[in-house]
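Q: Please take a close look at any cavity in this structure. Then set it beside a few other local features of the chain.

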Amino acid sequence: MIMDNTAPETGAELEAFRQRWRDEVSARNKRPDVAERPSHVVLAEQRRKPAPTLLSAPEASTARRKDATDYSEEIEPRVYHDLPDEEEQLRLGAEGQAHDRDTSKEPSSALEHYEHAVERENIGLLGDSISHYRKAFKSQLDSGVQEAYKRKHFPPSAFVKPKPVSPNPSGAAVTVPGTAHHSLHGSALPPTLKQLVEEFADLRIEPPPPATEGSPLERSLLGELPEEILTQILRNVAIKDVTSFARTAQVCKRLAFLVLTEEAIWKRAANGHEFGFAAMHYDFICDVEGFPTEANDEIARYLGAYDELPSDLSAALPTPEDRALAFSIHTHHLLHTAYASSWRQLFRSRPRLRFNGCYISTVNYTRAGATSTNTLSWGQPVHVVTYFRYLRFFRDGTAISLLTTAEPADVVHYLLKENLHAHHHRQDSMLPSAVMKDALRGRWRLSGPASSVRDAVTGEVEAEGEVHVETEGVVPKYTYRMHFALAQAGKGARNNKLAWKGFWSHNRLTEDCAVFTLKNDRAFYWSRVRSYKMGY
């Protein structure tokens, strides 16, 4: 009975499937554009269709990089501003006495080990950090060391919330205006910085209050100066150190108004060669070894290499004066279109490099270790690898690149030209500057419309915001090419980050290029070094 009931249902399903198949075949045969044309005609038309555009590997990577143009981050990076020079502690006289000679003292207590562990963790030395953490908790088996660290560096008083102030402390009705209402309303901060600065326009530099009630009133020497002389003093400060000029806004409200609104000072800083864009290079002005390209051109002219060029072509080459004029026109165009006609905003936000410090990249990664057959262990060991990359740029277009495991305090003070290749003949040198034995010479340039190089993909002028670095390789036949994007790290800083966009090795003999993977490498962050001064 079961087989008799199932057989008709199966036959009905097969018949329905056959009918659907006949309908599809008949519908396909009714289309004359496919049925009437021979197969070779259809294949020919398919070949004539444009194939999907496939970019080569470099072009595809460039296209992907252009999509992700924002390399900025709001998190404050780990920087190494004004690291002390260890040799200064060994000097005699007043200079040596001004430095603490116990900075290299080994920690003894659990709290000191914990502090060293936190410091090592912040700079990326995870292996040393774990070692100090173990010693800290081994010395004090309970969690008291962590609580002691919190009480010392994060006391509860630093997190006390201000009590809410009643808008009407006098207790009067809301409709009745009181004196407390007027005082609070008058002292409320305006919503924007512009309105806040406008309130400082009519203020003057007040003298300091007297020490006691009977003391005579003191004078304000800066407040007695005419406005023109005070502006000239601030201008000289900006030329000497633009950071100190910006910090004068913290002195008083009148100086804050002058710092934020005196456009003539910011224009001088932006157009000057001390910290401004007059010191930027948008074309390579030297070779990798640091020899100026102008000297090479003069040698070529002396040997008659340019005699075969047509006269109209040689006349069309832009002169340095023409380039300076074109750059000035482009700067004024950006001033009014991209930076709201503010020289201060242009100086802070327009891409530029800094010479009074170096760029440091801290790299951490883990790799599996090999287990020993002579020891009993539950798991496989893991190695934490830490190394640093250093980049320093000079005003003459040269650069220094260094990859080492030495910490920044042992390196930044020796990133000097005179230390390049000074220790190659002595690999076992114990001098402090021996960390420079693997340093590489190089050159740099910025991208932008002022550059004579055109974009490799579009063929148009380059956009601003990128850095190109070329250095010598580990052997003479190779050169390294690095491509970075200038970005910001943190809420207040600008142009303090170099994000990787590419890293290549170029063979001079075969003209071949190989790509270095950037799996473990991290971005560079700028750190100020006081001994560099103006970066010459």
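A: What follows starts with the model as a whole, turns to the cavity, and ends with single residues elsewhere.

This is a predicted model, so local features need pLDDT of at least 70 and side-chain atom pairs count only at pLDDT 80 or more, while totals for chains, interfaces and linings use all residues. Residues are numbered from 1 along each chain as its sequence is written, and side-chain values use heavy atoms, with hydrogens and water left out.

The protein chain has 19 helices and nine strands. Helices (H or I, at least four residues) and strands (E, at least two) are DSSP runs, numbered from the N terminus. Of its 536 residues, 32% are buried. Buried means under 20% relative accessible area, exposed over 50%, and partly exposed in between, with a 1.4 Å probe and protein chains only. Take contacts between residues at least 6 apart in sequence: 57% of them join residues at least 24 apart. Contact means heavy atoms within 4.5 Å.

Now the cavity. Searching the whole structure gives one cavity of 30 Å³ or more. A cavity is a set of points, on a 1 Å grid over the protein atoms alone, where a 1.4 Å probe fits but cannot get out. The largest cavity holds about 40 Å³ of space. Grid points are joined across faces, edges and corners, and the volume is the space filled by probe spheres set on the points.

Its lining consists of Ala-238, Ile-239, Ile-265, Arg-268, Ala-269, Glu-274 and Phe-275. Lining residues have an atom within 4 Å of a point. H15 gives the most, with three. By class, five lining residues are nonpolar, none is polar and two are charged. Here Ala, Val, Leu, Ile, Met, Phe, Trp, Tyr, Cys and Pro count as nonpolar, Asp, Glu, Lys and Arg as charged, and the others, Gly among them, as polar.

Asp-241 sits in the loop between H12 and helix H13 (242–247). This residue is partly exposed, because its relative accessibility is 26%. Asp-241 and Ala-269 are 28 residues apart in sequence, yet 9.6 Å apart in space, C-alpha to C-alpha.

Next, burial in helix H8 (residues 144–153). Gly-144, Val-145 and Tyr-149 are buried there. They cover an arc of only 140° around the axis, so they are on the same side of H8. The arc is that of the directions from the helix axis to the C-beta atoms. An α-helix has 3.6 residues a turn, so residues three or four places apart point the same way.

Thr-398 belongs to strand E3 (residues 398–404). Thr-398 counts as buried because its relative accessibility is 8%. Its side chain makes a polar contact of 2.7 Å with that of Asp-396. A polar contact is a pair of N or O atoms within 3.5 Å; within protein, one must be able to donate a hydrogen and the other to accept it, and residues adjacent in sequence count only if both atoms are side-chain atoms. Beyond neighbours within four places in sequence, the contacts of Thr-398 include Cys-286, Arg-392, Lys-417 and Trp-444.

Two loop residues close the survey. Ser-341, between helices H18 (320–337) and H19 (343–349), has a positive phi near 60°. At 39% relative accessibility, Ser-341 is partly exposed. Glu-511 lies between strands E7 (497–507) and E8 (513–515). Its phi is also positive, near 60°, in a residue other than glycine. Glu-511 is exposed, at 54%.

Conventions. 1 Å grid on protein atoms, 1.4 Å probe; cavity = no way out; pocket = protein on both sides within 12 Å on 5 of 7 lines; lining within 4 Å.
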